[in-house]
Structure formats: C-alpha cells, structure tokens
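Dear colleague,

Please find below the structure for your review. My notes on the findings follow it.

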Amino acid sequence: MKTLRFLTATTCLAALVFVTSCSSTKGLGRRGGGQKNTNTAITSKKTKRTADLGTTADSTSLSDPIQRKAFLQQVTDNAQHARFITSKIKFSVEVGNQQMTLTGNLKMKRDDVIRLQLMAFGFVEAGRLEFTPEYVMIIDRINKQYLKVPYSHLEFLRSSNIDFYVLQALFWNELFQPGKSHLTDSHLNTYTAEAGADDDVVIAMEDGKLSYRWLADRTAAQVKMANIKYTDKYRGNYQLNWDYEDFKRHTSKVFPMTHKVMFNTPKKDIKFEMILNYMGSEDNWETRTTLSGKYRQVEVDEILRRFMAL
C-alpha cells in the first residue's frame, strides 16, 4: 500500500506539474541563472528532419509577409485533424532525484477532452487527469480523492492564459493563440517567423510577460518544439519546453509518438516523457468521468500542498 500511495502521489504530481508548474499562482517562463537565452537555444537546436512529414513548404524568403503567412498556413494545415487519438502510453516523471515510470492510456477527442489514465504495476489505475473545455479534473484513485474545478478558479492557469485549447494544442502538436479556440487566417498575422539553424524556422509571439516560441521544420512545415516562458523579476522566471519526436503517419497526417516536456522553475526542474505505443482512433469510450460517493473532493490549496512538497 505504501508503494501504491507513492505511485499515486507521483501520478498526481505529474498532473500538477503540468498545470501548476508556475508554483500555484505564477505563469510559465524562463528559469534565471546561467541558462541560455530561449531564442538562441531554439535557433541552434539540432533536430533530425523526417522526410515524410506532410506538405512541403517552398524555400522563398520569410521576410516577405505573403510568403511568411503561406508558410504558417502550411504549418497549421499539416497539424493532425483526426477527431479521436488513442494509445497505450509509457509515462516517465523525474522531479529532483525522484524518478518513476508508469504505463497508461491516452484518450483525446478533438475540442472535447484530453484524458490520461496512469497505471501502477500495469493494471491498477492510480490516477486520472481529465481536461475538458469546462474543467480540470485530477483523480487520486487509491486515496479516493479528486479535484474538479473550472479553469477560471485556478489563478495559475488564468494568469498564464492557459486554457483547454492551449493544452490541446500542446498535446496535438499545433500552433495556438491563447484565448482562441481555433486559429484563423487573421490570427496568423500576429506571429513572426525567422530562419533558424539548419532547415528550421522560429515562430514567435509576445503577450506581455509571456512569450511563445515554436520550432518548425521549414521543408516539412511541421512543429518540432513549443516553448512558453514567463518572466517576472519579483516572482521568478518559469519555462515550459515541449519537444516532439518520432513522427508517424495517422490517416493523411503525421503525429509525434514521443513527447518530451521540461519545466524550469526557481525551485526545481521537472521532466516528463510520454511515449505512444500506437496511433488509434477508438471512439467507443465515455468522454466524461463520473465518480461514486466514495470519493472526497479536495480544495486546490490542499492538493497543492500535498504534492508540490514532494
């Protein structure tokens, strides 16, 4: 039981890291103290180019507004637009000197739900994360506890301008614009795009203390990395970096089978990795979790104190 409790704590910590990496009230941004500038890191990052990644972008100059917008349109067109994505997953978490690897299931329905079911010992569901447009839900199966709140009740999400559609874009390997459920042609005018190292393009957007960067393959017009940073000289700097690797074709588009995520905060660095076993499109599952009366709802502060202290 002690082991199961630790697995459950790690599982929930992974969820909380994802939505509370800004230490409960802060945004995401670059960690201070000797870390390379994010723009330089993105521009110089060496990544392998996959030849079969979708529509090919031309080699015209990105300094031309028309060609820049055409490239950004190709990036959005190459995103995976399947209605359902499902897979078995391997989920690894590293917080300080604590490491844990769990198996689980990923189930996503476009514009409706993102669900991660994390298993202990391969057969016991230790925790469940459920994101919908209306709420965030974190379930501790072992201790029969859960948190279910709308995004507006979580200051750390609200102040970082992170909602369901930003999370969906990160999971689905897409460009996004905070506050918008879908990108339109007019939204593309708010991004800049500059040539980076090798065949990469750095796509950028600024929003006050928050800045957003994407690294895209110029030839394939495919997002390879997303970066969100929050800079505050009083509260500290925070950064989220999401790498996409091992693209496989699913229907007419491709999708990354490996997601590597790094959170940098003033107090700790957190890593997690999600590896998909396959690309499925199962649609015969309930998209909303219902809990019995045996579960106790806990407050935000309570669950934060428990897991952020680990």
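Which residue takes a positive phi in the hairpin of strand 8 and strand 9? It is Gly208, with a phi near 65 degrees, in a hairpin that has 2 residues between the strands.

Please note that this is a predicted model, in which local features need pLDDT of at least 70 and side-chain atom pairs count only at pLDDT 80 or more, while totals for chains, interfaces and linings use all residues. Residues are numbered from 1 along each chain as its sequence is written, and side-chain values use heavy atoms, with hydrogens and water left out.

Strands (E, at least two residues) and helices (H or I, at least four) are DSSP runs numbered from the N terminus. Strand 8 (residues 200–207) runs antiparallel to strand 9 and is joined to it by 8 bridges; two strands pair if DSSP finds at least two bridges between them. Within this pair, Met205 stands opposite Tyr212. Strand 9 also pairs with strand 10 (residues 222–230), again antiparallel and over 8 bridges, and Leu215 stands opposite Met225 there.

Strand 9 (residues 210–217) has 8 of its 8 residues buried, that is, under 20% relative accessible area with a 1.4 Å probe, protein chains only. One side carries Leu210, Tyr212, Trp214 and Ala216, and the other Ser211, Arg213, Leu215 and Asp217.

Trp214 is also among the residues with the most contacts inside the largest nonpolar core, which has 65 residues. Such a core is a set of buried Ala, Val, Leu, Ile, Met, Phe, Trp, Tyr and Cys residues joined through side-chain atoms within 4.5 Å. Helix 5 (residues 164–172) gives its largest share, 7 residues.

With kind regards

Key
Buried < 20%, exposed > 50% of the residue type's maximum accessible area, 1.4 Å probe, protein only.
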